[in-house]
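Please work through each task before reading its solution.

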Amino acid sequence: MKMHFCIPVSQQRPDALGGRYVLYSVYLDGFLFCKVRYSQLHRWDEQLRRVFGNCLPPFPPKYYLAMTTAMAEERRDQLERYLQNVTADPRVTRSDVFTEFLTLVQLHTLNIAIQNVELAVFLPDGRSIKVEGLTSDTAERVLEVMAHKLGLQPDLVGYFGLFLIRCFPEGKLSVVKKLADFELPYTSLQSSEMENCKIGLRKWYLDPALDSMLMDCRAAGDLLYMQAVQDIEKEWMKPTQAQREELKALQKKENQTKFLELSQEVRHYGYVQLDPCICNHPEPGCGAQLSIGNNEISCCITLPNGQIQDIAFQMSRVKRWQVTFLGTLLDTDGPQRTLNQNLELRFQYSEDSCQQWFVIYTKQAFFLSSCLKKMISERMAKLTERSPEMQIEVPEQGRSKKHPNQPSQQKVYFNFLRKGKMKRSEGDYVWDTLMEEGL
């Protein structure tokens, strides 16, 4: 699937020969990923073509004369589409030439040298594991080291991921984003403008039935147990009073197997809960608490009069969704700028032959979109098992080995659109996701 890459802003800079060049600010999932020149991307494309040939998307052509404003805008748009399309091919994203270039530009953007470093990766129970490595270690590499330290079977690593997590003094936590395999955890921490952020290990699937794939591994079971305990403590799961008392008794007896069996019966087990946000349903300005998992978007909505209303949107009825950046982005020379301050995610929902758009205003719109893509991917895996004749490849991100929850076919299309004209400092930016009928 296409990743949330965009180039909303660029800057003209003087070069050493007295001329000028354009520096493009590349964002991934709403966060500054790197700043690169056209010439750097052009050389990278040439390296990729030596490996993959002409199956790559077209790269924007060189201009030998001075560019007009319209030409510069066209090139920025073409570079953006190139990044979105080239990262949709899993063969490319798993290659060394792909990862090595993105590693260097991430480090260069923040002026970070390759050197030894100790990275703390936090488990759901609050403990941290020290990972000794380099500043250039990718999330995939750090996750592999973590799996080895914990005794996690190599074929189960793909069920887990590294996340940028923000912790609050009152004990609450917020999942900021899932780190892509080629992202550098060290630079992600250094570039984050948010306070109290850390790298955390969590499972990365939203179908609770996939637990059965992990239960024969003691380390995997331990991680599932830690996360279930944490989710209850953070009130992401909603046990009844009777379930809560029984779970406490099982936890006191350290009976992890029975604890997980009962946890699977609890409402919102295995779901991801977002921070409180605003939605437009059933009327504008309603407060909302979203939980995503098990092929649904569960919304606890607070109406303006204080009444509470629970609504569940089934993913099988979601036809498309859009992430839109609303407002102004002023590029600076600072270490980090995010797009996450003025975001909305809207999705088209079909029910009783009627289609309606629902709008959610949340700083976690990109992470919400990633969760929706994950549920679609898992749904397609099940359909593929039942219908092996499906032959459409899923461009699953990452370079790790294929796992049962990572399907090999897909019928989901991601289109990244601009809403009107996107100027350097203002405008609405839209990422549009369209699903084919029948999913």
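Helices (H or I, at least four residues) and strands (E, at least two) are DSSP runs, numbered from the N terminus. The model is predicted, so local features need pLDDT of at least 70 and side-chain atom pairs count only at pLDDT 80 or more, while totals for chains, interfaces and linings use all residues. Residues are numbered from 1 along each chain as its sequence is written, and side-chain values use heavy atoms, with hydrogens and water left out.

**Exercise 1.** Determine how helices H1 and H4 are arranged relative to each other.

*Solution.* Step 1: locate helix H1 at residues 38–52 and helix H4 at residues 96–109. Step 2: consider their axes, which come within 10 Å and cross at roughly 165°. Axes are lines fitted to C-alpha atoms, for helices over the stretch in contact, and angles run from 0 to 180 degrees between N-to-C directions. Step 3: classify the angle; under 35 degrees counts as roughly parallel, over 145 as roughly antiparallel, 65 to 115 as roughly perpendicular and the rest as oblique. H1 and H4 are therefore roughly antiparallel to each other.

**Exercise 2.** Is Met237 buried or exposed?

*Solution.* Step 1: find Met237 in the loop between helix H7 (218–233) and helix H8 (241–252). Step 2: apply the cut-offs: buried means under 20% relative accessible area, exposed over 50%, partly exposed in between (1.4 Å probe, protein chains only). Met237 has a relative accessible area of 2%, and is therefore buried. Step 3: note that 8.7 Å separates its C-alpha atom from that of Ser263, 26 residues apart along the chain.

**Exercise 3.** Describe the backbone and exposure of Asn295 and Ser353.

*Solution.* With a relative accessible area of 25%, Asn295 is partly exposed. Step 2: turn to Ser353, in the loop between strand S15 (343–351) and strand S16 (354–361). Although Ser353 is not a glycine, its phi is positive, at about 60°. Because its relative accessible area is 81%, Ser353 is exposed.

**Exercise 4.** Which residue is joined to His281 by a cis peptide bond?

*Solution.* The partner is Pro282, and omega is about 5°. Pro282 lies in the loop between strand S10 (277–279) and strand S11 (286–293).
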